[in-house]
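Open the model in your viewer and keep the selection tool at hand. Each stop below says what to select and what is there.

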Amino acid sequence: MHLTAELDIRTLLFLVTLVGLLMALTMAVFARRFPHYPGAGWVAAADACIALGAYLIAMRGEFPDWLTTLPASALTLLGLLLNYEGLRRLLQERNAWFWSPHWLLLLLLPGSWYYTYVDPSVHGRVVVFSGVGCLAALLTTYMVLVPQRAADAPNLRPVAWVFAGFALMLLLRVFHTQDPRQVDDFMYAGALNAAVLASYIVFLILKDVGLLQACVRQLIADVERQARTDPLTRLMNRRAVMEQGERAFHRAVSGQAPMAAIMVDLDHFKRVNDEHGHQTGDAVLQGVARILQGSVRPGDLCARFGGEEFLLVLPETALAEAEQLAERLRLKVEQSSPEHCGGIACTASFGVAALADETRLEELISRADQAMYEAKHAGRNRVEVSQVDMRSSSSAASGSAGAAAAQRLGAE
Ligand SMILES: Nc1nc2c(ncn2[C@@H]2O[C@H](COP(=O)(O)OP(=O)(O)OP(=O)(O)O)[C@@H](O)[C@H]2O)c(=O)[nH]1
């Protein structure tokens, strides 16, 4: 039996309409639920256009010809262009005018008009539409696959390949249609025409499923990032530093490499809040976070550990280096506090500990914390080294710096 007798074109067109509407509805619900992804709404509109275009063609013979020819093709191409626009927005891609496929409508409209009214030919219309449709799909593939976009945009590469596959089907139809006998009547236009219509269904489903999958993956990554980031200072939070620090700790222990931790606690921070308000307190925390983050090396971990407490975990760092860094930071906080800390003076106390014979990261942090409390008790605005390190290193000098300022603060 001949394949065209089995695949009824009108039924296929109704199926394209149904699937298009279902996918449009799905994307519209997603766009409404997650306004964070504005491109999804454009893709919903794109699916609706493709569905409507297919419906108009399916109604050939029932509706006037002027409605089922040029407007049907224009709607279907508009669907492809809206898809491009939706993906561009999802990728936060800037509009590169030259590569944008919107000008293809200017090719389709006169071409379709010519083969509808001047030299009526189904064959001509199919070639014109398949040609511009193929170009639109290829330009969309190009836009998604070319890099240079915001790092946190969803990964839509699989969707790009769906567009490439669809472009290939349209291209096949352009060449196949070169034999005019294939398309005397669109409704009996041959196996390839039926296959192309079937590929619309596959295209609609695969591109939207791929897109939803990319967005969900992106949402999960966003949630995970948020769960590991302190919203006020944008530093990693306690959970994140414990996880990453644990890995660094085991690398240091197994490689017998040095490692250090510095605990930082702002001095008299309650007073800052009480006298200047919570917003100023927040600005101080942000200012100190910037100072700390801007002073460490790329492999170091800098975290907000608690309310006004910060933790630095420093792989490949020996005690003397860590102590020097802590002293540099102490001075920076003290000196740049009016400019960074919401216009008010603020200082911090530092506790330093270097890896000795600990078996867990918590033990190292606990020693740094202990040293920080010693700095508090000794008058604040100081750097103290853990007693264990003091005993094991005769070169460790502690608590010398900032004494004058500490005495001043202590006297207040
Ligand atoms: N503005 C602001 N304040 C915070 C935040 N988290 C904690 N705090 C405040 O930090 C203050 C900490 O006070 P304390 O623990 O008494 O410590 P302190 O006043 O800094 O005194 P010392 O640590 O002994 O120098 C409290 O007033 C908390 O409300 C925050 O996110 N924003």
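Select helix 5 (residues 70–90) and helix 7: their axes come within 10 Å and cross at roughly 5 degrees. Axes here are lines fitted to C-alpha atoms, for helices over the stretch in contact, and angles run from 0 to 180 degrees between N-to-C directions. Helix 5 is therefore roughly parallel to helix 7 (angles under 35 degrees count as roughly parallel). Helices are DSSP runs of H or I with at least four residues, strands are runs of E with at least two, and both are numbered from the N terminus.

This is a predicted model, in which local features need pLDDT of at least 70 and side-chain atom pairs count only at pLDDT 80 or more, while totals for chains, interfaces and linings use all residues. Residues are numbered from 1 along each chain as its sequence is written.

Next, show the side chains between the two helices. Among the residues that meet are Leu77, Leu80 and Tyr84 in helix 5 and Phe129, Val132 and Ala136 in helix 7. Contact means C-beta atoms, placed from the backbone, within 7 Å. The residues of this contact divide into twelve nonpolar, four polar and two charged. Ala, Val, Leu, Ile, Met, Phe, Trp, Tyr, Cys and Pro count as nonpolar, Asp, Glu, Lys and Arg as charged, and the others, Gly among them, as polar.

Stay on helix 7, residues 122–145. Is this helix covered or open? Helix 7 is mostly covered, with 17 of its 24 residues buried. A residue is buried if 20 or more other C-beta atoms lie within 10 Å of its own, exposed if 12 or fewer, and partly exposed in between.

Now select Ala54, Ala136, Leu156 and Val159, the residues with the most contacts inside the largest nonpolar core, which has 68 residues. Such a core is a set of buried Ala, Val, Leu, Ile, Met, Phe, Trp, Tyr and Cys residues joined through C-beta atoms within 7 Å. Helix 3 supplies the largest share of this core, 15 residues. Apart from it lies another core, of 51 residues, including Ile262 and Leu364.

Go back to Val159. Leaving aside neighbours within four places in sequence, Val159 is in contact with Leu87, Val144, Lys207, Gly210, Leu211 and Ala214.

Last, select Gly299, in the loop between helix 12 (278–293) and strand 2 (301–304). Gly299 counts as exposed because it has 11 C-beta neighbours inside 10 Å.

Key:
Expected span 1.5 Å × (residues − 1). Parallel < 35°, antiparallel > 145°, perpendicular 65-115°, else oblique.
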